[in-house]
Amino acid sequence: MKRAISRVLSGLDLVLQVVCVALLAVVIIAVMWQVLARYVTQESSAWTAELGSYAFVWLAMLAIALGVRRGRHMVLDIWEYVKYRRWLSRTIDTVATLIVAFVLVLLFWFGIEGLGASWSRTAPGLDISTGWVALAVPVGAAIAFIFVVEAWWLNFLAGKDEDPLNAPLIYQPEDLIIVKGEV
């Protein structure tokens, strides 16, 4: 069962990475088109600004989930200098997880509350419901919540010098790998 859950979450992680790359490409293309249209043809397109903004909102919310899964949402280096104690490490991870989970539950809750009004409005440039962009908040928060529970559990079971949150990326050269806590 544990292996099946891990495979499902790893599959979800991979899908999110691909979607985030695609959304980043949409943002870049929309902004480039807007700049080209403004300076080359002297006309601005309303849909490009909306598309870029909406894609960016989705990108941010989904990337938050990816960061949470890798334990990169917040790092306090001060604990690196305190002598390792398993109970202290577990306590700090649990408190941090509870704070992050609470914020994600709030995002999910208020995101759901805001959906009702959003579906009734239409974006003028794209002629779609603004509910599609508002949906990013509860979806991203829900996925991040799942990942924060997984990260807490893996951290809870981890040993002293083990980093259990080393989920693979689509592409990352070995010389660019950042160790948790590095800037």
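This report describes the core, salt bridges, aromatic pairs and a surface patch of a predicted model.

## Basis

Local features of this predicted model need pLDDT of at least 70 and side-chain atom pairs count only at pLDDT 80 or more, while totals for chains, interfaces and linings use all residues. Residues are numbered from 1 along each chain as its sequence is written, and side-chain values use heavy atoms, with hydrogens and water left out.

Helices here are DSSP runs (H or I, at least four residues), numbered from the N terminus.

Leaving aside residues up to four places away in sequence, L16 touches L62, A65, L66, I143 and F147. Contact means heavy atoms within 4.5 Å.

## Salt bridges

There are three salt bridges (a side-chain nitrogen of Lys or Arg within 4 Å of a carboxyl oxygen of Asp or Glu). One joins R69 and D13 at 3.4 Å, N to O; R69 is in helix α2 and D13 in helix α1, 56 residues apart. R70 also forms a salt bridge with D13, with the closest N and O atoms 2.8 Å apart. R70 lies in the loop between α2 and α3, so this pair ties together parts 57 residues apart in sequence.

In the salt bridge between R69 and E150, the closest N and O atoms are 2.7 Å apart. E150 is in helix α5, 81 residues from R69. Both R69 and E150 are buried (under 20% relative accessible area; exposed is over 50%, partly exposed in between; 1.4 Å probe, protein chains only). Shared partners join D13, R69, R70 and E150 into one network.

## Aromatic pairs

Two aromatic pairs are counted (ring centres of Phe, Tyr and Trp, the last by its six-membered ring, within 6.5 Å; planes under 30 degrees apart are stacked, over 60 edge-to-face, the rest tilted). W119 and W132 are edge-to-face, at 5.0 Å centre to centre and 85° between the planes. W119 is in helix α3 and W132 in helix α4 (residues 131-134). The rings of W152 and W153 have centres 6.1 Å apart and planes at 50°, so that pair is tilted.

## Surface patch

V95, I99, F102, V103, L106, L107, W109 and F110 make a nonpolar surface patch of about 780 Å². Such a patch is made of residues with over 30% relative accessible area and no salt bridge, with nonpolar side chains (Val, Leu, Ile, Met, Phe, Trp, Tyr) joined within 5 Å. V103 is found in helix α3 (residues 86-119) and is partly exposed, at 42% relative accessibility.

Notes: Patches are made of residues with over 30% relative accessible area and no salt bridge: like charges are joined within 9 Å, nonpolar side chains (Val, Leu, Ile, Met, Phe, Trp, Tyr) within 5 Å. Accessible areas come from the Shrake-Rupley method with a 1.4 Å probe; for residues, only the protein chains shown count as cover. Helices (H or I, at least four residues) and strands (E, at least two) are DSSP runs, numbered from the N terminus.
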